[in-house]
Amino acid sequence: MAIQDMSMFKQILAKEKFYVVLIDRKILRDEASDIRLIWSKKEFAESYLEENNITLYDKIMDLDLDRFVTYEMDDILDEGDKFIIDKYENNKGIELEAISFIEEIMSELDDIRIEEFAEDICNETYVYGLTVKGQKQFIIVSEEEDASLPNMMTVWSTRKLAEKVRRDDFEEYDVIEVETGVFEEWLEDLKQEDIALGINLKSGMIGTITDPKAVLKAMPC
């Protein structure tokens, strides 16, 4: 069975998070193999702890996929590290290469988000972004600490999503809307100027960053 067809893969993909048990602020490992344990559901982790009489632990923690990939994965995982996924009761769990597994899920998640975003902006006919007060152009975000990263335009399919990020990260800016047809013309320009597109990013500017061509291709309107 392909990884994408496994229930645990679909569960983590749907919730955009997975669960770990922390002991002394470190992820719990399987006693026999010394491999990190993760679960697709909190109750599976609870079942494992109960079955193995583990009562002294910090907490069961859910790890947001975007935040984990952006801020934690490089510090926690090395090439070749593995996960045992959903080991509990009579389920032996599935042993997989950790980085490849996370990258596979994120690739699937990006594809889903691009399709949903493209469909939403066609249905609602508007796209939302941040602008300098008094102006009518979406801002371009640059990564000052890493010149190798592309400049990026950040956009959202609803005003509510845009307003939340503005409140958390960009209070000095305003949220404005443009018609989807106008945004489509902008995408053509961004494609030529090698500017990336951040779609429906969460607070902290984490989430799916893609090529404008992918959004153009996915737009059904």
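I looked up T131 first: its relative accessibility is 1%, so T131 counts as buried, the cut-off being under 20%. I am working from a predicted model.

I then placed T131 in the secondary structure. T131 lies in strand 7, which covers residues 126-132. The T131 side chain reaches the backbone oxygen of Q137 at 2.9 Å. I listed its contacts, leaving out residues up to four places away in sequence. T131 touches K136, Q137, I139, Y173, D174 and I176.

I found 3 strands in the order 2-1-4, with antiparallel pairing. Strand 2 (26-27) and strand 4 (59-64) are at the edges. Each has a single partner strand, so one side of each has no neighbour in the sheet. I looked at how strand 1 (residues 17-23) joins strand 4: 6 bridges link them, and they run antiparallel.

Last, I checked helix 4 (residues 98-124) end to end. Its 27 residues should span 39 Å at 1.5 Å a residue. Its end C-alpha atoms are 38 Å apart, which agrees. At the start of helix 4, I found a side-chain oxygen of E97 within 3.4 Å of the backbone nitrogen of I99. After helix 4 comes T125, with a positive phi near 65°.

Key. Residues numbered from 1 in each chain as written. Predicted model: local features only at pLDDT ≥ 70, side-chain atom pairs only at ≥ 80, totals over all residues. Heavy atoms only, no water. Helix = DSSP H or I, 4+ residues; strand = E, 2+ residues; numbered from the N terminus. Expected span 1.5 Å × (residues − 1). Polar contact = N/O pair within 3.5 Å; in protein donor to acceptor, adjacent residues only side chain to side chain. Pairing = 2+ DSSP bridges. Buried < 20%, exposed > 50% of the residue type's maximum accessible area, 1.4 Å probe, protein only. Contact = heavy atoms within 4.5 Å.
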